[in-house]
Amino acid sequence: MNLLQLMLSGLFLAVQVAPAAMAGPEVRATVLSIGDGDTIRVQQGQQRLTIRLACIDAPEMAQAPHGVNARRYLQSRLRLGSSVTLRPQTVDRFGRTVAEVIGDVNLNLALVEDGMAFAYRPYLAQCNAKEYLDAEFRASRSRFGVWRVPGGITRPWDFRRGRSSGRAGSGTESIPGGRRYRCSEIGSFARAQELLRQAHTYLDGNGDGVACESLR
């Protein structure tokens, strides 16, 4: 009888613990800066982390005006110093934490719902794929944001592939003013971030949404 009670007790504990063990641990963090439409910097405990928003792909900053619009949208929804919940999934090849970011709403999903980003199909497995695809469908039907162009603008992943294929000639055609800066000549970290906001995206060499980190 004691053995049966012990077995039942163990089964009861297993049922209680299993759901928590399957779920990814959520953590709280404070927003430090917005890099672009799908990258932010946060303070989590003693660490400063770069967060790549999971399951979405926002237009690149060079995809004017859509990249800037996505960044401004995220700035309007995530005030600096505000507290957010992160649902981490993995760490990407740039060392960024890939996560869903929850403020008053799921910001990843809201970006797609309002036409500021696309559902990133190859990476939807860790999110609720149906929610993201349904949100994208509604945005496309309503012609929001990136969907004001029939069929949507060039997808960010295709845009990046095009830029890396060597089609860019002298490399200055898509740079504002035709001038390419070096971090060593900019003079200040703040100025580097200003240039990044003006679509000088080459200053962000590791894609973490921060330009010329050597100037910090």
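Are Cys-55 and Cys-127 buried or exposed? Both of these cysteines are buried, where buried means under 20% relative accessible area, exposed over 50% and partly exposed in between, with a 1.4 Å probe and protein chains only. This is a predicted model, in which local features need pLDDT of at least 70, side-chain atom pairs count only at pLDDT 80 or more, and totals for chains, interfaces and linings use all residues. Residues are numbered from 1 along each chain as its sequence is written, and side-chain values use heavy atoms, with hydrogens and water left out.

**Disulfide pattern**
- The structure holds two disulfides, a disulfide being a pair of cysteine sulfur atoms within 2.5 Å.

**Cys-55 and Cys-127**
- The S to S distance between Cys-55 and Cys-127 is 2.1 Å, and the torsion about their S-S bond is about 95°, so this disulfide is right-handed.
- Because Cys-55 lies in the loop between strand 3 (47-53) and strand 4 (56-57), and Cys-127 in the loop between strand 7 (118-119) and helix 4 (129-142), the pair ties together parts that are 72 residues apart in sequence.
- Helices (H or I, at least four residues) and strands (E, at least two) are DSSP runs, numbered from the N terminus.

**Cys-183 and Cys-212**
- The sulfur atoms of Cys-183 and Cys-212 are 2.1 Å apart in a disulfide, which is left-handed because the torsion about its S-S bond is about -80°.
- Cys-183 lies in helix 6 (residues 183-186) and Cys-212 in the segment after helix 7 (189-197), so this pair ties together parts that are 29 residues apart in sequence.
- Cys-183 counts as partly exposed at 23% relative accessibility, whereas Cys-212, at 3%, counts as buried.
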